[in-house]
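Dear colleague,

I am passing on the structure that we talked about, and I would be glad if you could look it over together with the notes below.

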Amino acid sequence: MFTGVGGTGVLTAARVLATAALIEGQNVRMGEIHGMAQRGGAVNCTIRIGSSVHGPIVPTGKADVLLSVEPVEALRNVDRIMPTGTIIVGQYQIVPTAVLLGRAEYPSDKEILRDLSKFAKVVTFDAASLAQDAGSLLTMNTVLIGAALGLNLLPLNEESIISAIKDVLPARYHNMNISALQKGKNAPKQTINV
Amino acid sequence: MDIAEILTKDEPGKRHLLLGNEAIARGAIEAGLELASTYPGTPSSEIGDSLFRAVKQGKYFFEYCTNEKVAMEVAGAAAVANARSLVIMKHVGLNVASDAFMTLNYIGVRAGLVIVSADDPGCWSSQNEQDNRLYAMLGDTMMLEPADPQEAKEMTIAAFDLSEELEQPVLLRVTTRVSHTRAGVELGPIREPRNNPNFERDPFRFVTVPSVARIRHPILVEKVKQATELSEKSEWNRIYDKGRLGIITSGVSFNYVMEALEALQIKAAIFKIGMTYPLPKKKLQKFIASKEQVIVVEELKPYLENHARAFSQEESIITPILGKSQGYFSEIGELSPRKVMEGIAQALGKEIPPDFRAIDEKFSEDLVESPPRPPILCAGCPHRATFYEVATATGRKGVYPTDIGCYTLAIQPPLEMADLLLCMGSSIGTSCGLTAVLDKPIIGAIGDSTFFHSGIPGLVNAVYNQHPVKIIVVDNHTTAMTGHQPHPGTGITGMGVKGQGISIEEVARGVGIQFVKVINPLKVKESIRAIREAVSFDGPAVIISRSPCALVERARKRRENEPIIPYEVNPEVCQGCRVCIDKLGCAAAIWEGEHAAIDSDLCSGCGVCAEICPYKAIREIEINERV
């Protein structure tokens, strides 16, 4: 399950994963939300792979992996992660307008990580900086895919993910995303166990 | 791979990861599509958009219509003239088109006509979650209902064939979770369009004066009888697995049933209804009679459930039918695998899977609160400037009816400039009603595409009935919310031809509005002055607030290598008054504790914050600082 903020590339990254599954001949469903829900609001995108999958929705406690570059968006959807699953979360805070206006508070990193780790194992690192290094902040979701790949959490192999990147994205973005994938895979990460 | 190529290449057997909506577009092309018409609306938009993108390679005619009623008339007439036609709309679009729809069934068609209604259970992007299966019943119109993208493609083709077999239109009802699910879709062969358009005169069929309508109604009833026979035999009404427990379901709910039964380890026979109107009555009666009990799983209204009961009563079948009437499922919102698991478990008196509860408890316990993140206007969106100006010019002392589009997001703080909304075009009609009974400024906001869709009759009404409404047309030169489709004001057609756009100001003057002014909302002071003038004008007034959509403008600048020059706050000058944040609230604004700042990645360079800053602390980033 991918979560994040509309306009930060969540949908595209999820499409890369779903395409990789199709390339491998696996049964796949991807759920996405368009329209009004998309404008700068909280978004989530689900990718379900496997023969017993019918619909796109991930029930409570049934996600194997939860990926989010934005800490609060991981927390908002944390009830979806399986107790034996892994949450991979970046440190790229996008402050909602309500917080800017003083009508709500953005929790501290420490509080978010503490609460996330009540549900499952948490892996965290600075995905945004790695994305910048790869060539664009917009590759940060690809960095997360790399991290999940490096931790052997995906039922997909690296070659099919790279083919999917080439299939889904325009040619000028191929190299930076492949580089983002490698950076995410190799980056040192902090792990917090339940 | 380019969607145009995927849709139009004849490669049967090839699999692509397609959105349900793209699969429907492909299905129509495989069925030999000759004409398609639409008005965009989430969750239906990508069907029309895919056909638009493939129009050069395709062999069909495509148009974006002014509204769904016109789209229904365009496609309906083409099908009467023997051209296979598709008309696409969201669920509430069928309300707009319902006048044409409710009589199109009386006259029928010569070539296939498929009407796509994309429903939105859960109101992901809509003003209501009406269940359009009831329209099939109301309009005696056959309906197919797919569960996933592959089936959506196959059913589109089947719908064309059914339509031609009975010379009646066919509804294809999808929901958000079918339209916006991606899955591997296997392509089929593409049929050549027949290319045999022909209008055979038959006024006593096609001209629905009362005497003709009276003849046609019994014919329609007879067609429904024939359609029921087809439904009894239809491969789309299929029973999966065996068991003494029966489950009746349709559409996307089928997926949740399959997943729920596996999770709960329950054996059941599942009657998946693919043709939801007319229902296979005898087959359903037989199924229900053969079961110990039957659970009906469907989203929104208890449509299948009520029919199942009525059918059972006719044959004195006493099998218990469990569903919404006993409260196992809600008629509010969309279903999910979890809700279906819980509903089935409860109906059978089984334990609800305990792991849900454990997680729920943890989730509702003392977790730190996540700040809300509703959808908002984009950074640099000209609508934000317009609503800031309307709020300032009127001192927030008016009433502000709004309409359907991105600008509805002005409901969010800090703008909070949305007071009343019903449906497309309603801002002008509701403004008329409010001016008739209230003694304060009524300022309605409507988008450019919505103005053409159904705003104009309201404006005519304001002039005719002398309502001094003040209408702000927020004209960003596109249909932004649904994915930037062209509209009559842009002049770009569904065939990709550039014609002359229709001028909103000329329409307003043409219907008799005496005060018509065009403003650039990025020029704050002039705009406020113009709005004040409009408010004090004695009579109806129209202000056209014209500035391109920030997303389109950003994409254009990138394409044309034009620099985007962001603004910055000079922390030395900023007094921390927070006007830019508390009054405007741009998505690119940041608060750094004592002074404001701007996210230069998000800033579009519109300069509105710089104009309203009382201390002139905001300026364009200097050349040498630019990346």
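This is a predicted model: local features need pLDDT of at least 70, side-chain atom pairs count only at pLDDT 80 or more; totals for chains, interfaces and linings use all residues.

Residues are numbered from 1 along each chain as its sequence is written, and chains are lettered from A and ligands numbered from 1 in the order in which they are written.

In chain B, four strands make up an open sheet with parallel pairing, in the order β15-β16-β18-β17; strands are DSSP runs of E of at least two residues, helices are runs of H or I of at least four, and both are numbered from the N terminus, while two strands pair if DSSP finds at least two bridges between them. At the edges are β15 (443-447) and β17 (515-519) of chain B, each of which pairs on one side only. From one strand to the next the twist averages 20 degrees, with axes fitted as lines to C-alpha atoms (for helices over the stretch in contact) and angles running from 0 to 180 degrees between N-to-C directions. Helix α17 (residues 426-437) of chain B packs on the sheet and touches β15 and β16 of chain B, its direction making about 170 degrees with that of β15(B); contact here requires C-beta atoms, placed from the backbone, to lie within 7 Å. Helix α18 (residues 448-464) of chain B also packs on the sheet, touching β15 and β16 of chain B, at about 135 degrees to the direction of β15(B).

The largest nonpolar core has 183 residues, and those touching the most other members are Ala14(A), Leu116(A), Leu144(A), Ala75(B), Val116(B) and Val257(B). A core is a set of buried Ala, Val, Leu, Ile, Met, Phe, Trp, Tyr and Cys residues joined through C-beta atoms within 7 Å, where buried means 20 or more other C-beta atoms within 10 Å, exposed 12 or fewer, and partly exposed in between, with C-beta atoms placed from the backbone. Helix α1 (residues 10-23) of chain A gives this core its largest share, 11 residues.

Leu220(B), in helix α10 (residues 210-233) of chain B, is partly exposed, with 18 other C-beta atoms within 10 Å. Beyond its neighbours within four places in sequence, Leu220(B) contacts Asn105(B), Tyr106(B) and Asp140(B).

With best wishes

Terms used: Two residues are in contact if their C-beta atoms, placed from the backbone, lie within 7 Å.
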